[in-house]
Structures are given as structure tokens and as C-alpha cells.
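Here are a few exercises to work through with the model on your screen. Try each task before you read its solution.

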Amino acid sequence: MMQMFWTIVLGCLTAILMIMLIMMFRKKYPLNKLNYVFAMNTVIVLLILTVGFVDGRVDMYIDIALSYSILGFVTSVILAKYMGGRRR
């Protein structure tokens, strides 16, 4: 019963990710696209954790999700600094 629940959650998260991906490609400005990428990072972490629950090996997938979220955070800080420009 719980496996079916996590499979449904996995399908919903995948649908949300696809909708966000379509919306990202429809936007015109780069900053709006970056906001979608940062939001998709969070959904992907949730997706990885849900796959861990379905697979039954949560401890391994938690490590992968933490690594991915740290990488996403560092990337967002670097891109925000780059897009912000230099102060004079």
C-alpha cells in the first residue's frame, strides 16, 4: 500500500517537473529562466528522495540528494553573483 502511495507521489513530482520545464522554455528573460531552474532543483531533490522510498534504500538516496542540493546551492550563488554584475 505504501509503495503504491510513493509511486503516485513520484508520478506527481515528475508531472510537476515537466510542467516547470515547459514553463521555463516559454519564458523570455534569463532571470525568469534561472528562477525556474532553482525551483526545479528543489523538485529534483524531492524526486530523488521519493525514488529512495520506492526503492527501499533511503540512506543511499539521502546522500545523493544532499550532494545534489549542495551543488545546486553553490551553482545558484555563483550564477546570482555573475548575473548581479560588479559594484563600482
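**Exercise 1. Find the helix that holds Ile 78, and decide whether Ile 78 is buried or exposed.**

Step 1: Ile 78 sits in helix α3, residues 58-84. Helices here are DSSP runs (H or I, at least four residues), numbered from the N terminus. You're looking at a predicted model, where local features need pLDDT of at least 70, side-chain atom pairs count only at pLDDT 80 or more, and totals for chains, interfaces and linings use all residues. Residues are numbered from 1 along each chain as its sequence is written, and side-chain values use heavy atoms, leaving out hydrogens and water.

Step 2: Ile 78 has a relative accessible area of 55%, so it is exposed. The cut-offs are under 20% for buried, over 50% for exposed, and partly exposed in between (1.4 Å probe, protein chains only).

**Exercise 2. Work out how α2 and α3 run relative to each other.**

Step 1: Two packed helices are described by the angle between their axes and the distance between the axes.

Step 2: Helix α2 (residues 30-55) packs with α3 at about 175°, and their axes are 8 Å apart. Axes are lines fitted to C-alpha atoms, for helices over the stretch in contact, with angles from 0 to 180 degrees between N-to-C directions.

Step 3: That makes α2 and α3 roughly antiparallel, a label for angles over 145 degrees.

Step 4: Sort the residues of this α2–α3 contact and you get 19 nonpolar, five polar and one charged.

**Exercise 3. Track down the salt bridge in the whole structure, and say where Arg 57 lies.**

Step 1: Look for a side-chain nitrogen of Lys or Arg within 4 Å of a carboxyl oxygen of Asp or Glu. Searching the whole structure turns up one salt bridge.

Step 2: The partners are Arg 57 and Asp 55, at 3.1 Å from N to O.

Step 3: Arg 57 belongs to the loop between α2 and α3. With a relative accessible area of 44%, Arg 57 is partly exposed, and so is Asp 55, at 38%.

Note on methods. Helix = DSSP H or I, 4+ residues; strand = E, 2+ residues; numbered from the N terminus. Parallel < 35°, antiparallel > 145°, perpendicular 65-115°, else oblique. Nonpolar A, V, L, I, M, F, W, Y, C, P; charged D, E, K, R; others polar.
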